[in-house]
Amino acid sequence: MLVAGLAEDGLLHEEPAAEHTRGRPTLVPGPHPDGPVALAADVREDAWELAACELGGRVTVLAVRPHDGTPQDALGPLGEAVAAHRRRLGHRVIGIGVALAGPVRHHGLVDIAHLNWRSVDVPALLGLPAPSQAEGGSSAPGVPVIGNDTAFAALAEARRGRLQGVRVGLHLHVDFDPGGVLVVDGHPVAGASGIGAELGHMPLGGGDRPCLCGARGCWAMDVGANALLRHVGLAYGGGRGREQAERVLATSQEAVRANAEALGRGIAALVNAHDPEVVTLSGHGVELRERAGAALLAACEPLLMTIRRDRPPRIEGSALGWRGSLLGAMESVFDAFLTTGGLELWRKDHPDQGRDTPDRQSVTHSTLGGERPL
Ligand SMILES: [Zn+2]
């Protein structure tokens, strides 16, 4: 019934199941060939990735581009790519979600301390309207959903990863430095002004080295790619050195162990505070757990309160790889669209959508998981 309604509105499209053998074919719902598309971008400190996502979860990577770490070089070309793909996909595009590696206030201002980004106006540099300051950043069509990469990764983990069905979980995303957020009933706890996912800037590292965020002794000084580079005496910071850090991660057991121990100590403090059922790790966190899981646990367990040691939370690697932030941004765009108001607008703009037209706009790009091109 639900699927039939969605098919009538041109949101989904039913086609025979591939493994059908005899009798009446089983119809399985899939993305409508002319149905809604969410654009989603993951802006990291050194590069960005732009993808198109259909209802049902099919993701097509449209472009990947390195940048020099400045807001103009990162966001200007991304804005141009978004505009070009919106023109190409036309009325199918229902919104754009953008993940960024720093705290984002509701109206789209981002700070990335180690890139020296201060109150960078993301919508303005992308050439898009600013999000409303409404609670939760909900938006009108055409208005981007802009958020923190860790919070988006946590949302994706709650929707389709290892935090599904978990009442209280903790998600940690480790890239150049760690970010983390508490996830309650499937919702990352964003904070009063949307900038809550900043567990990397708590003094969990044990030192008092000044951090570029303005605080001292931040966890970010000891966990992540910057810390790996520093451990072996290589230059670090400014969002540079991803390849070197990956080499350190693959070859220096000592640097990996120091990173994993710092991660474990911080996890213990956060578990003592929040009592999560599961702690999920994404980004480099997955490799740290795989390569030095014993060191991570050995550093974590003695710092847990006695009452927590009988049943410590599971610490698991994300099943979504590095794509959690992108997928979370996509989920947020569909959340804003799949509302009474959003669907009404779609019906108004697509009065003929009920007819199942076979015209598939031709796009040839790599797709994830060997799926058909969008
Ligand atoms: Zn800091």
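Tutor: What follows is a set of questions and answers on how the labels in this model are assigned.

Tutor: Two ground rules before we start. Residues are numbered from 1 along each chain as its sequence is written. The model is predicted, so local features need pLDDT of at least 70 and side-chain atom pairs count only at pLDDT 80 or more, while totals for chains, interfaces and linings use all residues.

Student: Happy with that. How many helices and strands does the protein chain have, and what makes a run count as one?

Tutor: The protein chain has eleven helices and 14 strands. Both are DSSP runs numbered from the N terminus: a helix is H or I over at least four residues, and a strand is E over at least two.

Student: What makes Val 223 buried or exposed?

Tutor: A residue is buried if 20 or more other C-beta atoms lie within 10 Å of its own, exposed if 12 or fewer, and partly exposed in between, with C-beta atoms placed from the backbone. Val 223 has 31 other C-beta atoms within 10 Å, so it is buried. Val 223 sits in the loop between strand 12 (187–188) and helix 5. Across the protein chain, buried residues make up 48% of the 374 residues.

Student: Which residues does Val 223 touch?

Tutor: Leaving out residues up to four places away in sequence, its contacts are Val 174, Asp 177, Pro 178, Asn 259, Ala 262, Leu 263 and Gly 266. Contact here requires C-beta atoms, placed from the backbone, within 7 Å. Val 223 and Gly 266 are 43 residues apart in sequence, yet their C-alpha atoms are 9.5 Å apart in space.

Student: And why is Asp 185 classed as it is?

Tutor: Asp 185 counts as exposed because it has 9 C-beta neighbours inside 10 Å. Asp 185 belongs to the loop between strand 11 and strand 12, and has a positive phi of about 50° although it is not a glycine.

Student: What is the setting of Asn 116?

Tutor: Asn 116 is in the turn of a hairpin formed by strand 7 and strand 8, with four residues between the strands. Strand 7 (residues 109–112) and strand 8 (residues 117–121) run antiparallel and are joined by three bridges. Two strands pair if DSSP finds at least two bridges between them. Leu 109 is opposite Asp 121 in strand 8.

Student: What describes the packing of helix 7 and helix 8?

Tutor: Their axes are 7 Å apart, at an angle of about 65°. Axes are lines fitted to C-alpha atoms, for helices over the stretch in contact, with angles from 0 to 180 degrees between N-to-C directions. Among the residues that meet are Leu 263 and Gly 264 in helix 7, with Leu 288 and Ala 292 in helix 8.

Student: Why are strand 12 and strand 14 called edges?

Tutor: Five strands form an open sheet in the order 12-11-10-13-14, with mixed pairing. Strand 12 and strand 14 each have a single partner strand, so one side of each is left without a neighbour in the sheet.

Student: What joins strand 13 to strand 10 and to strand 14?

Tutor: Six bridges join strand 10 to strand 13, and four join strand 13 to strand 14; both pairs run parallel. Val 279 is the bridge partner of Leu 170, and Ile 315 in strand 14 is the bridge partner of Val 279. Five of the six residues of strand 13 are buried.

Conventions:
Contact = placed C-beta atoms within 7 Å.
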